[in-house]
Amino acid sequence: MRLLRIVPDNTTFKIVRFRWFSYPFSAAYSILVITLFLTIGLNFGIDFKGGTLIEMQAKAGRPDIASVRQTAHGLGFGEAEVQEFGSGGEISMRFALQPGGEVAQQQVVVKAREAFASAYDFRRVETVGPRVSGELVQAGALGVVLAIVGVLIYLWFRFEMPLAIGAILGTLHDIVLTMGFFLITQLEFNLTSIAAILTIVGYSLNETVVVFDRTRELLRRYKAMPVADLLDLSVNSTLSRTAITSTTTVLALIALVLFGGSAIEGFALVMLFGVVVCTYSAMFISTPVLLYLDVRSGRLDQADEKVPAGAKAKAG
């Protein structure tokens with residue numbers, strides 16, 4: 001039985017050459033991310049800024065958004081954000097953080113139930129007070145920072161210095177581009193988003209380690225091969241594995257986006273973007289940067305092996 005091949009074996013793509021396009025693109029995107037972060041900022045969810053989130057579903061027919069919005073505004077808790085989502089008559093209402101502590105937040109839910117319980121089923125209710133939201137911001141930021149520091153330390157000890165620097169730059173690149181996804185789409189940034197970012201960091205690490213392990217192996221084997229050819233050979237020799245891993249992950253994430261419901265849709269969308277970014281980064285960002293580092297200085301001193309016929313041709 002023939003095995004499935006998404007990418008043929010022994011490809012000879014000249015991956016490193018694409019750095020003339022990938023580097024300017026990533027640089028421009030990163031500048032855009034920084035600009036949006038300083039001007040617009042993230043769309044923080046209830047977890048981080050406090051307030052009340054209520055999701056309802058109409059018991060019969062389509063919901064009247066205008067009527068719901070007018071009723072919600074008349075509850076006396078300020079302007080409410082009312083949106084329809086899904087295809088089953090579902091509505092989300094967001095109320096800003098109310099003065100008066102936890103008791104005031106609970107009053108929002110009580111009044112909302114009194115106003116809408118007759119026509120709508122309450123599917124989800126979340127109330128976060130100011131003290132809890134502040135603690136969640138601190139805990140979330142600390143968790144991300146510690147996880148990133150741990151990954152960077154692992155990369156530093158996992159590879160020789162040039163490879164470690166390339167892997168670290170690739171991981172930071174993936175985090176910046178993922179944050180750009182939140183800023184451009186204004187997708188709600190909450191605790192689930194923190195989990196998505198940490199998962200993307202792990203996926204990025206996996207993609208980079210696979211390619212760089214092959215790079216280190218080839219550096220030991222072919223000391224006379226030009227670095228550009230060797231890097232092309234590294235990516236091409238792992239391309240089939242990368243394609244299979246990325247494709248199966250993307251298919252699973254698309255299923256979550258389509259059928260996972262609103263609770264997991266945001267996580268799946270971020271992960272879908274992150275998988276594409278991590279694959280792009282491992283091939284077109286992390287690997288070409290080794291051209292500008294003294295990548296041969298950190299390899300083990302082993303006996304030269306002759307470059308097999310056609311190896312340089314395969315590398316492009």
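# Helix packing and aromatic pairs

Mentor: α7 passes α8 in a right-handed crossing. Helices here are DSSP runs of H or I with at least four residues, and strands are runs of E with at least two, numbered from the N terminus. The model is predicted, with local features requiring pLDDT of at least 70 and side-chain atom pairs pLDDT 80 or more, whereas totals for chains, interfaces and linings use all residues. Residues are numbered from 1 along each chain as its sequence is written, and side-chain values use heavy atoms, leaving out hydrogens and water.

Trainee: What makes a crossing right-handed or left-handed?

Mentor: The sense of turning decides: a near helix turned anticlockwise from the far one by less than a right angle gives a left-handed crossing, and clockwise a right-handed one. By this criterion α7 crosses α8 in the right-handed sense, and α6 likewise passes α7 in a right-handed crossing.

Trainee: Why are α7 and α8 called roughly antiparallel?

Mentor: The axes of α7 and helix α8 (residues 227-259) cross at roughly 150° and come within 9 Å. Axes are lines fitted to C-alpha atoms, for helices over the stretch in contact, with angles from 0 to 180 degrees between N-to-C directions. Angles under 35 degrees count as roughly parallel, over 145 as roughly antiparallel, 65 to 115 as roughly perpendicular and the rest as oblique. The two helices are therefore roughly antiparallel to each other.

Trainee: Which residues of α7 and α8 meet?

Mentor: On the α7 side they include Tyr-203, Asn-206, Glu-207 and Val-210, and on the α8 side they include Leu-230, Leu-231, Ser-234 and Arg-241. Contact means heavy atoms within 4.5 Å.

Trainee: How do α6 and α7 pack?

Mentor: Their axes are 9 Å apart and meet at an angle of about 150°. That value makes α6 roughly antiparallel to α7. Among the residues in this contact are Leu-163, Gly-166, Ala-167 and Phe-182 of α6, and Ser-193, Ile-197, Phe-212 and Arg-216 of α7.

Trainee: At what angle do α1 and α6 pack?

Mentor: The angle is about 50°, with the axes 9 Å apart. That makes α1 oblique to α6. α1 passes α6 in a left-handed crossing. The residues making the contact include Tyr-29, Val-33 and Phe-37 of α1, and His-173, Phe-181 and Ile-184 of α6.

Trainee: Why does Phe-181 count as buried?

Mentor: Its relative accessibility is 15%, and buried means under 20% relative accessible area, exposed over 50% and partly exposed in between (1.4 Å probe, protein chains only). Phe-181 therefore counts as buried. Leaving aside neighbours within four places in sequence, Phe-181 is in contact with residues including Tyr-29, Leu-269 and Phe-273. The C-alpha atoms of Phe-181 and Phe-273 are 7.7 Å apart, although 92 residues separate the two along the chain.

Trainee: What is the relative accessibility of Asn-190?

Mentor: The value is 13%, so Asn-190 counts as buried. This residue is found in the loop between α6 and α7. Not counting residues up to four places away in sequence, Asn-190 touches Asp-47 and Phe-48.

Trainee: How do you know that two rings form an aromatic pair?

Mentor: Rings of Phe, Tyr and Trp (its six-membered ring) pair if their centres lie within 6.5 Å; planes under 30 degrees apart count as stacked, over 60 as edge-to-face and the rest as tilted. By this rule there are twelve aromatic pairs. One of them joins Phe-18 and Phe-284, with centres 5.8 Å apart and 75° between the planes, and is edge-to-face. The pair links distant parts of the chain, 266 residues apart: Phe-18 lies in the segment before α1 (19-39) and Phe-284 in helix α9 (residues 262-286). Phe-18 is partly exposed at 43% relative accessible area, whereas Phe-284, at 19%, counts as buried.

Trainee: Why is the pair of Phe-44 and Phe-189 edge-to-face?

Mentor: The ring centres are 6.0 Å apart and the planes stand at 85°, so the pair is edge-to-face. Phe-44 lies in the loop between α1 and α2 (46-49) and Phe-189 in the loop between α6 (161-185) and α7 (191-221), so the pair ties together parts 145 residues apart in sequence. Phe-44, at 36% relative accessible area, is partly exposed, and Phe-189, at 7%, is buried.

Trainee: Which residues form one aromatic cluster?

Mentor: Phe-18, Phe-21, Phe-25, Tyr-29, Tyr-280 and Phe-284 do.

Trainee: How many helices and strands are there in the protein chain?

Mentor: The chain has ten helices and four strands. Of its 316 residues, 43% count as buried.
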